[in-house]
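Please look over the model shown below. This report walks through its helices, core, surface patch and charged pairs.

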Amino acid sequence: MLRQFKSREYLVARTLLFLISFFFALSGYWEVTRHPITYLKTIQMGYPPYFIVALGVAKICGAVVLLLPRFYRIKEWVFAGFTFDVVFAFVSGLATGYYVDAVKAVFAFVAILTCYYLFRKQHEAMRLDLAANAAKSLT
């Protein structure tokens, strides 16, 4: 079953995972370093400076965890955190008139959901493959 997953779906999952990690790490870096691209806009949205830096650190940590080979349970939390981030980015974008940011948040939301679905599918295939191998070794 795991071999069936290693096809186009595997390539799509890995590509999305890398892109999501890259963009959240970049966004986190910009927030930690107070880059004008994100920092000033986020201040204008009403978020306090300490929150922006903490959010940046969390994004960088989450991006690193997504790229690690194990830590499936922690990865689920990262997907949840990134989902909350883009949902709040969408709401904040609409509330403050940054409609382009709201549209970007929708695309990020779809990418995260797709990646999470493929992540769960791959994880389940690996789990079933390990269980089948364990059952064969007992007989």
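This is a predicted model: local features need pLDDT of at least 70, side-chain atom pairs count only at pLDDT 80 or more; totals for chains, interfaces and linings use all residues.

Residues are numbered from 1 along each chain as its sequence is written, and side-chain values use heavy atoms, with hydrogens and water left out.

**Helices**

Helices here are DSSP runs (H or I, at least four residues), numbered from the N terminus. Helix α5 spans residues 72-96. Its 25 residues reach 36 Å from first C-alpha to last, close to the 36 Å expected at 1.5 Å a residue. That expected span is 1.5 Å times one less than the number of residues. Helix α2 (8-32) also has 25 residues and reaches 36 Å, close to the expected 36 Å.

Buried means under 20% relative accessible area, exposed over 50%, and partly exposed in between (1.4 Å probe, protein chains only). The buried residues of α5 include Lys 75, Val 78, Phe 79, Phe 82 and Asp 85. In α2, the buried set includes Leu 17, Ile 20, Ser 21, Phe 24 and Glu 31. An α-helix has 3.6 residues a turn, so residues three or four places apart point the same way.

Arg 34, after α2, sits near 60 degrees.

**Core and patch**

A nonpolar core is a set of buried Ala, Val, Leu, Ile, Met, Phe, Trp, Tyr and Cys residues joined through side-chain atoms within 4.5 Å. The largest one has 14 residues. Among those with the most contacts inside it are Ile 20, Leu 66, Phe 82 and Ile 112. Helices α2, α4 (49-67), α5 and α6 each supply at least two residues of this core. Contact means heavy atoms within 4.5 Å. Not counting residues up to four places away in sequence, Leu 66 touches Leu 17, Ile 20, Ser 21, Lys 75, Val 78, Phe 79 and Phe 82.

There is also a nonpolar surface patch of about 740 Å². Patch residues have over 30% relative accessible area and no salt bridge; nonpolar side chains (Val, Leu, Ile, Met, Phe, Trp, Tyr) are joined within 5 Å, like charges within 9 Å. Its members include Val 87, Phe 90, Val 106 and Phe 109. Helices α5 and α6 each give two or more residues. The largest share, 5 residues, comes from α6. Val 106 is partly exposed at 39%. Phe 109 is partly exposed at 31%.

**Salt bridges**

A salt bridge is a side-chain nitrogen of Lys or Arg within 4 Å of a carboxyl oxygen of Asp or Glu. How many salt bridges does a search of the whole structure find? It finds 6. Three of them are tabulated.

| Pair | N to O distance |
|---|---|
| Glu 9 and Lys 121 | 2.8 Å |
| Asp 101 and Lys 41 | 3.0 Å |
| Lys 59 and Asp 85 | 3.6 Å |

Lys 59 lies in helix α4 and Asp 85 in helix α5, 26 residues apart. Are Lys 59 and Asp 85 buried or exposed? Both are buried: Lys 59 at 6%, Asp 85 at 16%. Glu 31 joins Lys 59 and Asp 85 in a network of salt bridges. Lys 59 also contacts Phe 24, Ser 27, Gly 28 and Phe 82, among others.

Conventions
Accessible areas come from the Shrake-Rupley method with a 1.4 Å probe; for residues, only the protein chains shown count as cover.
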